[in-house]
Amino acid sequence: MAKTTANSSATAPDPAPASDPGGEDLIQLRSLQLAHQAESRYQASDEELRHFYEQMVLIRRFEEKAGQLYGLGLIGGFCHLYIGQEAVAVGLQSALDPKLDSVITGYRDHGHMLAYGIDPKLIMAELTGRAAGISRGKGGSMHMFSVEHHFYGGHGIVGAQVSLGTGLAFGHKYREDGGVCLAYFGDGASNQGQVYESFNMASLWKLPIVYVIENNGYAMGTAVKRGSAETHFYRRGTAFRIPGLPVNGMDVLEVRQAANIAIDYVRAGNGPVLLELNTYRYRGHSMSDPAKYRTREEVQEMKDKHDPIDHAKAELLLRGVSEDEIKAIDKRLRGIVTEAADFADSSPEPDLAELSTDVLVENY
Ligand SMILES: Cc1ncc(C[n+]2csc(CCOP(=O)(O)OP(=O)(O)O)c2C)c(N)n1
């Protein structure tokens with residue numbers, strides 16, 4: 001027997017009833033994006049902008065020097081340079097409290113350490129395998145670590161830093177120390193299963209973590225479009241109710257603004273945020289990469305039109321800083337990098353007895 005019209009409408013599924021919490025969730029998931037759209041760039045003082053510029057130039061000159069030392073055979077093993085991506089680490093980490101908050105990243109880690117104020121001498125000494133290095137000369141480029149500075153690596157295993165970072169965030173919550181963890185990973189790493197297991201736990205337990213996907217366009221030689229079904233990485237947390245926002249990672253002030261929005265949200269106890277930082281690496285994946293998977297023109301266009309340092313410099317000039325002042329800053333930073341390289345070069349290698357310290361030597 002046919003049902004009445006009234007009964008039919010009572011039993012029919014409502015696709016989007018007003019009380020559906022899913023609808024509210026979607027609005028909440030977009031709320032940070034809307035806040036960022038409303039004001040997309042940080043209103044930096046002249047002093048702050050100058051500081052961001054200095055930090056980015058320091059990272060670039062440091063990385064150029066590391067590239068030279070690698071060419072001379074003074075750096076062994078792998079070496080992944082951060083040139084082009086400087087605005088990401090500088091913009092994000094300038095919003096952290098280094099006494100409280102923790103940072104973890106992958107193997108492309110020199111810039112993140114410099115942005116956290118760690119002495120360039122200790123980083124260069126680590127790169128060249130010296131005892132004075134931040135990991136006592138035994139970690140090298142990929143495995144830098146400093147508990148003192150709340151910098152937890154430096155990880156060669158792609159994606160490991162996401163689950164380890166989730167653990168760091170759990171630690172912050174457990175200790176109730178008010179800290180937030182910033183966990184960086186690449187577009188390639190973001191296709192790993194452990195990333196989503198971590199997202200689930202972090203969201204469920206409202207852990208204080210900002211997940212940062214540095215989308216530099218390539219995972220080694222694989223372009224994003226060839227390796228990722230969803231290339232809008234900021235949406236990758238949606239299934240776990242993690243709000244995400246896309247950010248121009250070549251503009252340090254846009255990055256800083258996104259950092260403020262994300263960190264305020266996370267520090268207030270709302271759980272994780274996912275940031276997608278769209279950026280570009282100018283150099284090969286590592287020093288041994290001939291980069292045949294992209295054209296020279298593509299790289300040149302990014303350098304000419306989107307360079308984060310050039311943009312910050314142009315903004316400083318507009319604010320009345322003179323060319324001479326900028327030259328003086330650049331000269332000073334070159335001096336700091338030369339000093340770091342000289343320090344590393346004249347430092348001794350670790351003692352032979354150090355071969356069996358800080359490593360697991362027992363049977364497990
Ligand atoms: C578990 C694991 N798988 C594979 C590798 C080899 N590997 C090193 S880097 C890399 C690509 C990672 O790309 P992405 O996450 O985009 O980071 P990017 O190098 O662009 O910063 C791969 C596959 C590895 N180190 N660890």
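Which residues have the most contacts inside the largest nonpolar core?

Author: In this predicted model, the residues with the most contacts inside the largest nonpolar core are Val210, Ala262 and Leu275, and that core has 89 residues. Taking Ala262 for the close look, and leaving aside its neighbours within four places in sequence, one finds it in contact with Leu32, Val210, Val273 and Leu275, so that two of its partners, Val210 and Leu275, are themselves named among the residues with the most contacts in the core.

Along its principal axes the C-alpha trace spans about 90 × 60 × 45 Å, and 45% of the 364 residues count as buried. Among the contacts between residues at least 6 apart in sequence, 75% join residues at least 24 apart.

The model also holds a ligand, and of the 14 residues around the ligand, Val158, Gly186, Gly188, Ala189 and Ala219 come nearest. Strands β2 (181-186) and β4 (218-219) each supply at least two residues of the shell around the ligand, which by class has seven nonpolar, five polar and two charged residues.

Conventions: Residues numbered from 1 in each chain as written. Predicted model: local features only at pLDDT ≥ 70, side-chain atom pairs only at ≥ 80, totals over all residues. Buried ≥ 20, exposed ≤ 12 C-beta atoms within 10 Å, placed from the backbone. Contact = placed C-beta atoms within 7 Å. Core = buried A, V, L, I, M, F, W, Y, C linked by C-beta atoms within 7 Å. Near = placed C-beta within 6 Å. Helix = DSSP H or I, 4+ residues; strand = E, 2+ residues; numbered from the N terminus. Nonpolar A, V, L, I, M, F, W, Y, C, P; charged D, E, K, R; others polar.
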